[in-house]
Amino acid sequence: MIIKPRQKSLKLLKLETLLRRLPQNHPKREKVEEQYRITKAGVRGESSIDYYLNFIPNQMVYILHHLRLSNDNVKFQMDTLLLSPYFFLIIEVKYLSGEVTYDPDIHQLIQIYNGQKRIYSDPTQQVKRQAYQLRKWLISRKLLPQTTSFPIESVVVFANDHAEFRILPSQLIDTKLIYQNFFRSSILPDMINNFFTLHTAPVFSPKQLKKLGKQLTRNHIDDEPNILEQFQIQESEILRGVICPKCNTRPMLRKQGTWKCHNICCAYEAKFEHITALSDYKLLLRDTINNKQMQIFIDLPNSSGCKYLLKSMNLVCEGTTRKRIYHLPSIERLK
Ligand SMILES: [Zn+2]
């Protein structure tokens with residue numbers, strides 16, 4: 001049973017928005033596009049394991065996707081967490097294209113794609129660190145006793161069925177152990193079954209488990225990366241104006257209370273297109289906006305016009321007339 005479903009990745013949404021509002025010839029564009037491709041593949045990979053999770057035989061399993069917690073300011077995120085009365089399991093998903101080789105002895109994942117070689121850190125180590133942090137988190141909240149050896153298992157799933165994936169033989173680690181930790185997604189149901197045969201003593205009742213699942217979900221912290229800071233892009237480099245959703249022409253012009261596309265082949269009209277622009281503003285810049293910032297961002301140098309639009313959105317605001325700032329609501333509510 002899924003307790004915490006997968007949400008649309010805020011990082012992906014921010015990258016999409018940044019690409020829409022970055023000039024075509026901007027020097028950072030290529031880097032942003034690359035990050036967008038990697039993030040999108042990651043999201044695709046994560047949802048591709050859903051099919052295999054349906055095969056889990058035991059009904060007493062709770063599933064949490066995209067859970068991000070904090071231990072004394074150390075944030076850790078798990079792609080998927082399975083709670084069962086017998087063990088917990090963290091599943092990390094890797095979705096890479098091309099030729100992918102895992103070298104367990106030097107803890108590297110090597111990808112060759114389109115003639116380019118990329119090196120990634122060892123995902124099995126990454127997921128072990130998540131298991132360590134999760135145990136610490138549970139113990140610090142007295143949800144697990146300090147002395148417990150309750151199993152928190154972790155595995156890495158390689159989710160791209162069309163990519164060549166191989167594991168190099170190891171001189172240091174038992175091959176069986178490596179194959180149990182890092183495998184293709186189609187093996188996932190068998191591997192989960194193995195854990196059920198390995199751990200047979202129930203520690204949690206279904207009721208306790210459900211309560212724990214809800215507690216974990218309540219403590220989830222959204223990952224809200226500052227995307228401009230990440231790529232060192234200045235606010236002034238971001239394209240302004242309301243963008244036509246049909247043909248991407250910018251800026252749409254506001255006439256008689258309606259946004260109009262000035263591309264004569266398109267001529268799209270809409271009343272509320274400024275809301276999409278404000279959503280972009282929130283994703284890229286900040287959670288609050290004042291009249292002046294609104295005038296600049298939506299390219300409407302008309303103070304009373306902007307005031308009217310802001311008022312019509314019924315936003316929470318603070319401060320008096322000229323210094324008034326408006327709080328932009330969550331993206332879901334803005335959309
Ligand atoms: Zn248009």
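Guide: Before we start, one definition: domain bounds come from an automatic or database domain assignment.

Visitor: Fine, which domains does the assignment give for the chain?

Guide: It gives domain 1 (2-218) and domain 2 (240-334). Residues are numbered from 1 along each chain as its sequence is written. Keep in mind that this is a predicted model: local features need pLDDT of at least 70, side-chain atom pairs count only at pLDDT 80 or more, and totals for chains, interfaces and linings use all residues.

Visitor: How far apart do the C-alpha centres of domain 1 and domain 2 lie?

Guide: They lie 38 Å apart.

Visitor: And how many residues are in contact between domain 1 and domain 2?

Guide: 6 residues of domain 1 are in contact with 5 residues of domain 2. Two residues are in contact if their C-beta atoms, placed from the backbone, lie within 7 Å. On the domain 1 side, the touching residues are 2 nonpolar, 1 polar and 3 charged. For those classes, Ala, Val, Leu, Ile, Met, Phe, Trp, Tyr, Cys and Pro count as nonpolar, Asp, Glu, Lys and Arg as charged, and the others, Gly among them, as polar.

Visitor: Zooming out, how many helices and strands are in the chain?

Guide: The chain has 12 helices and 16 strands. Helices (H or I, at least four residues) and strands (E, at least two) are DSSP runs, numbered from the N terminus. The C-alpha trace spans about 70 × 50 × 35 Å along its principal axes.

Visitor: What share of the residues is buried?

Guide: Of the 335 residues in the chain, 28% are buried, where buried means that 20 or more other C-beta atoms lie within 10 Å of the residue's own, with C-beta atoms placed from the backbone.

Visitor: Let's do sheets. What is the strand order in the open sheet of 6 strands?

Guide: The order is 1-2-3-4-8-10, with mixed pairing. Two strands pair if DSSP finds at least two bridges between them.

Visitor: Why is one side of strand 1 and of strand 10 left without a neighbour in the sheet?

Guide: Strand 1 (2-4) and strand 10 (182-184) are at the edges and each has a single partner strand, so one side of each has no neighbour in the sheet. From one strand to the next, the twist averages 35°. Further in, strand 3 (residues 74-83) and strand 4 (residues 88-94) pair in the antiparallel sense over 4 bridges, and L82 has L89 in strand 4 as its bridge partner.

Visitor: Which strands does helix 4 lie across?

Guide: Helix 4 (residues 123-140) lies across strand 2 (62-71), strand 3, strand 4, strand 8 (152-158) and strand 10, at about 150° to strand 8. Helix 6 (residues 188-198) lies across strand 4, strand 8 and strand 10, at about 170° to strand 8. Axes are lines fitted to C-alpha atoms, for helices over the stretch in contact, and angles run from 0 to 180 degrees between N-to-C directions.

Visitor: What about the open sheet of 4 strands, what order does it have?

Guide: That one runs 7-6-5-9, again with mixed pairing. Its edge strands are strand 7 (116-121) and strand 9 (164-167). Strand 6 (residues 108-113) and strand 7 run antiparallel, joined by 6 bridges, and the partner of L109 in strand 7 is Y120.

Visitor: Last one: at what angle do helix 1 and helix 2 pack?

Guide: Helix 1 (residues 10-20) and helix 2 (residues 29-48) pack at about 150°, with axes 10 Å apart. Their contact comprises 7 nonpolar, 2 polar and 4 charged residues.

How values were computed
A residue is buried if 20 or more other C-beta atoms lie within 10 Å of its own, exposed if 12 or fewer, and partly exposed in between; C-beta atoms are placed from the backbone.
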